[in-house]
Amino acid sequence: MLSNLIEKIDKLYHIPRISNFFSKEKIHTYVDIGGYKGLYSNIFLKKANKIFIFEPQKKYFKLLRLKFQSNKKVKIFSNALGKENKINYLQINFLESTSTLSKINVTSKWYRFKKFLFFKNKMIKSKYKIKVKKLDSIKEISKVKNISLIKIDTEGNEINVLLGAKKILKKTKFLLIELHQDTMYKNYNQKEIIEYIKKNKIIFLKKFKFPLIPFYDYIYINSKFINKS
């Protein structure tokens, strides 16, 4: 029930606001990191020439392949992304949109609240090994001259995705990234993420608060693309 409510808010309120922000932008190449059901990829499907989706959950990787099987502009990857190429465990939560590579901080107030209220004292239902790769090591994306937009929604693993995308970030115009306001994930540091983005001369434009849940979607622009069409 909670999952359905969050998805409805996302579809009917949150995503349309973000879509409206990009409505006048030319989005030629879109990279969706944490694709889930392809809700964000849907909004760029008509205008983009190429879409790359990364979704390590087996269930949703299969769903995406079926959903976009006849669309040649969409390429779907089953690996997760991080700061190095390795094998790691993906933790599947009962609220599957929040499945993560990150370790849970069980002392977090937000974690304890969710666990008690929605999951009857159990949040995690399974975990399995997956491949983690650096975005910089993905040949199909490295070949692209310029990337219009990268979206990162990886439930606490955002800094590692960025660290593995040093080269790709330099040729990316817009960055859409989910940042948490809570301490649910161990070693999660929002300031570290923001400072790293600034260090790469990527400038903050706007943020969108998701209703009821303590996170924002931040939109940035690479300074090298300012005043360029």
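Biologist: Which residues form the aromatic cluster?
Modeller: Phe21, Phe22, Tyr30, Phe44, Phe174 and Phe208 form one cluster. Keep in mind that this is a predicted model.

Biologist: How many aromatic pairs does the count come to?
Modeller: The count comes to 13 aromatic pairs. One of them joins phenylalanine 21 and phenylalanine 22.

Biologist: What is the geometry of the pair of phenylalanine 21 and phenylalanine 22?
Modeller: Edge-to-face. The centres lie 5.1 Å apart, with 80 degrees between the planes.

Biologist: Is phenylalanine 22 buried or exposed?
Modeller: Phenylalanine 22 is buried, because its relative accessibility is 0% and the cut-off is under 20%. Phenylalanine 21 has a relative accessible area of 27%, so it counts as partly exposed.

Biologist: And phenylalanine 22 with phenylalanine 44: why is that pair called edge-to-face?
Modeller: The planes of phenylalanine 22 and phenylalanine 44 stand at 75 degrees, and over 60 counts as edge-to-face. Their ring centres are 5.9 Å apart.

Biologist: New topic. What is the strand order in the open sheet of three strands?
Modeller: The order is 4-6-5, with mixed pairing. Strand 4 (80–81) and strand 5 (86–93) are the edge strands, each pairing on one side only.

Biologist: How many bridges pair strand 5 and strand 6?
Modeller: Eight, in the antiparallel sense. Strand 6 covers residues 124–133. Tyrosine 89 stands opposite lysine 129 of strand 6.

Biologist: What sits over the ring of tyrosine 89?
Modeller: The charged end of lysine 127, at 5.2 Å from the ring centre. Lysine 209 has its charged end over the ring of tyrosine 216, 5.9 Å from the centre.

Biologist: Back to strand 5. Is glutamine 91 buried or exposed?
Modeller: Buried, with a relative accessible area of 14%. Glutamine 91 belongs to strand 5.

Biologist: Now helix 8. Which of its residues are buried?
Modeller: Helix 8 spans residues 190–199, and its buried residues are Gln190, Ile193, Ile194, Tyr196 and Ile197. Their arc around the axis is only 160 degrees, so they lie on the same side of helix 8. Lys191 and Lys199 are exposed on the other side.

Biologist: What covers the buried residues of helix 8?
Modeller: The cover includes helix 6 (158–163) and helix 7 (166–170). It also includes strand 8 (172–180), strand 9 (202–209) and strand 10 (215–222).

Biologist: What caps the N-terminal end of helix 8?
Modeller: Asparagine 189. A side-chain oxygen of asparagine 189 lies 3.0 Å from the backbone nitrogen of lysine 191. Just after helix 8, lysine 201 has a positive phi of about 60 degrees.

Biologist: You listed strand 10. How many of its residues are buried?
Modeller: Seven of the eight, so strand 10 is largely enclosed by the rest of the structure.

Biologist: How does strand 10 pair with strand 8, and how with strand 9?
Modeller: Strand 8 pairs antiparallel with strand 10 over seven bridges. Leucine 175 has tyrosine 220 of strand 10 as its bridge partner. Strand 9 also runs antiparallel to strand 10, joined by seven bridges. There, isoleucine 202 is partnered by asparagine 222 of strand 10.

Biologist: How many residues lie between strand 9 and strand 10 in the hairpin?
Modeller: Five. In the turn, leucine 212 has a positive phi of about 75 degrees.

Biologist: Last one, helix 3. Which residues are buried there?
Modeller: Tyr60, Phe61 and Leu64, within a helix of residues 58–67. They cover an arc of only 105 degrees, which puts them on the same side of helix 3. The face turned away from that buried side carries exposed Lys62 and Leu66.

Biologist: And what covers the buried residues of helix 3?
Modeller: Strand 2 (50–54) and strand 3 (74–77) are among the elements that do.

Note on methods: Residues are numbered from 1 along each chain as its sequence is written. This is a predicted model: local features need pLDDT of at least 70, side-chain atom pairs count only at pLDDT 80 or more; totals for chains, interfaces and linings use all residues. Side-chain values use heavy atoms; hydrogens and water are left out. Two strands pair if DSSP finds at least two bridges between them. Helices (H or I, at least four residues) and strands (E, at least two) are DSSP runs, numbered from the N terminus. Rings of Phe, Tyr and Trp (its six-membered ring) pair if their centres lie within 6.5 Å; planes under 30 degrees apart count as stacked, over 60 as edge-to-face and the rest as tilted. Buried means under 20% relative accessible area, exposed over 50%, partly exposed in between (1.4 Å probe, protein chains only). A charge sits over a ring if NZ of Lys or CZ of Arg is within 6 Å of the ring centre and within 35 degrees of the ring normal. The arc is that of the directions from the helix axis to the C-beta atoms. Contact means heavy atoms within 4.5 Å. A polar contact is a pair of N or O atoms within 3.5 Å; within protein, one must be able to donate a hydrogen and the other to accept it, and residues adjacent in sequence count only if both atoms are side-chain atoms.
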